[in-house]
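Open the model in your viewer and keep the selection tool at hand.

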Amino acid sequence: MRSVTKKIETLRQATAESCVRAAAETLKRLLANDVPKKDILPIAKAAGVMAAKKTPDLLPYCHPVPIDWVGIEFDIQEFQVMIRVTVEAVAKTGVEMEALTAASVAALTIYDMLKPIDDTIEISHTKLLEKIGGKSSFQEKIPAGFKAAVIV
């Protein structure tokens, strides 16, 4: 594990996405909740939130971070479900692994719950879309030549 002792706590945010591909008929049934395992999207959302919180338990070198917010959105298209997860925390290290884990577990949950009706289902990708926070976020906003003083 890498030391984050000297880092400052800042607002950290990361957004990741996963894609679950399936037959059009499968996704129509998902939207209609006409599937053997009901309420797939709310369950996938809960699983994703739980996964974000448990990320340090799964990844040995991942620091435990006090997560302040996890947002999960689903975009159901003709042949795929796009899962977008955003995680926020005020911490010394980023939350990209939490976002990636949440997106992955939400995708796995959808896969698991749709597999009885579709043997073509697949998870096509999981990727980090954006991460912000840390000192690099401040360096961009400090103009060149900026000076400050503290008077006591």
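Begin with the largest nonpolar core, which has 30 residues. Select Val20, Ile40, Val81, Ile83, Val85, Val87 and Ile110, the members with the most contacts inside this core. A nonpolar core here is a set of buried Ala, Val, Leu, Ile, Met, Phe, Trp, Tyr and Cys residues joined through side-chain atoms within 4.5 Å. Buried stands for under 20% relative accessible area, exposed for over 50%, and partly exposed for the range in between (1.4 Å probe, protein chains only).

Next, colour the elements that supply at least two residues each to this core: strand E1 (10-21), helix H1 (24-32), H2, E2, strand E3 (80-91) and helix H3 (96-114). H3 gives the most, with 9 residues. Helices (H or I, at least four residues) and strands (E, at least two) are DSSP runs, numbered from the N terminus.

A note on the model: it is predicted, local features need pLDDT of at least 70, side-chain atom pairs count only at pLDDT 80 or more, and totals for chains, interfaces and linings use all residues. Residues are numbered from 1 along each chain as its sequence is written, and side-chain values use heavy atoms, with hydrogens and water left out.

Now centre on Ile110. Not counting residues up to four places away in sequence, Ile110 touches Val20, Ile40, Leu41, Ala44, Phe74, Val81, Ile83 and Ile121. Contact means heavy atoms within 4.5 Å.

Move to Gln80, in strand E3. Gln80 counts as buried because its relative accessibility is 17%. Its side chain makes a polar contact of 2.7 Å with the side chain of Gln77. A polar contact is a pair of N or O atoms within 3.5 Å; within protein, one must be able to donate a hydrogen and the other to accept it, and residues adjacent in sequence count only if both atoms are side-chain atoms. Beyond four places in sequence, Gln80 touches Cys19, Val20, Arg21, Leu27 and Asp75.

For the largest pocket, select Arg2, Val4, Lys7, Tyr61, Cys62, His63, Thr93, Gly94, Glu96, Met97 and Glu98, which line it. On a 1 Å grid over the protein atoms alone, a pocket is an open set of points where a 1.4 Å probe fits, with protein on both sides within 12 Å along at least five of seven lines; lining residues have an atom within 4 Å of a point. The space in the largest pocket is about 200 Å³.

Stay on His63, one of the lining residues. His63 sits in the loop between helix H2 (40-58) and strand E2 (67-76). With a relative accessibility of 15%, His63 counts as buried. A polar atom of the His63 side chain lies 2.7 Å from the backbone oxygen of Arg2.

Go on to Thr126 in strand E4 (residues 122-132). The side chains of Thr126 and Ser18 are joined by a polar contact of 2.6 Å. Thr126 is partly exposed, at 32% relative accessible area.

Finish in the loop between H1 and H2, with Asn33 and Asp39. Phi of Asn33 is near 55°, a positive value in a residue other than glycine, and phi of Asp39 is near 55°. Asn33 is partly exposed at 27% relative accessible area, and Asp39 is partly exposed at 42%.

How values were computed
Grid points are joined across faces, edges and corners, and a volume is the space filled by probe spheres set on the points.
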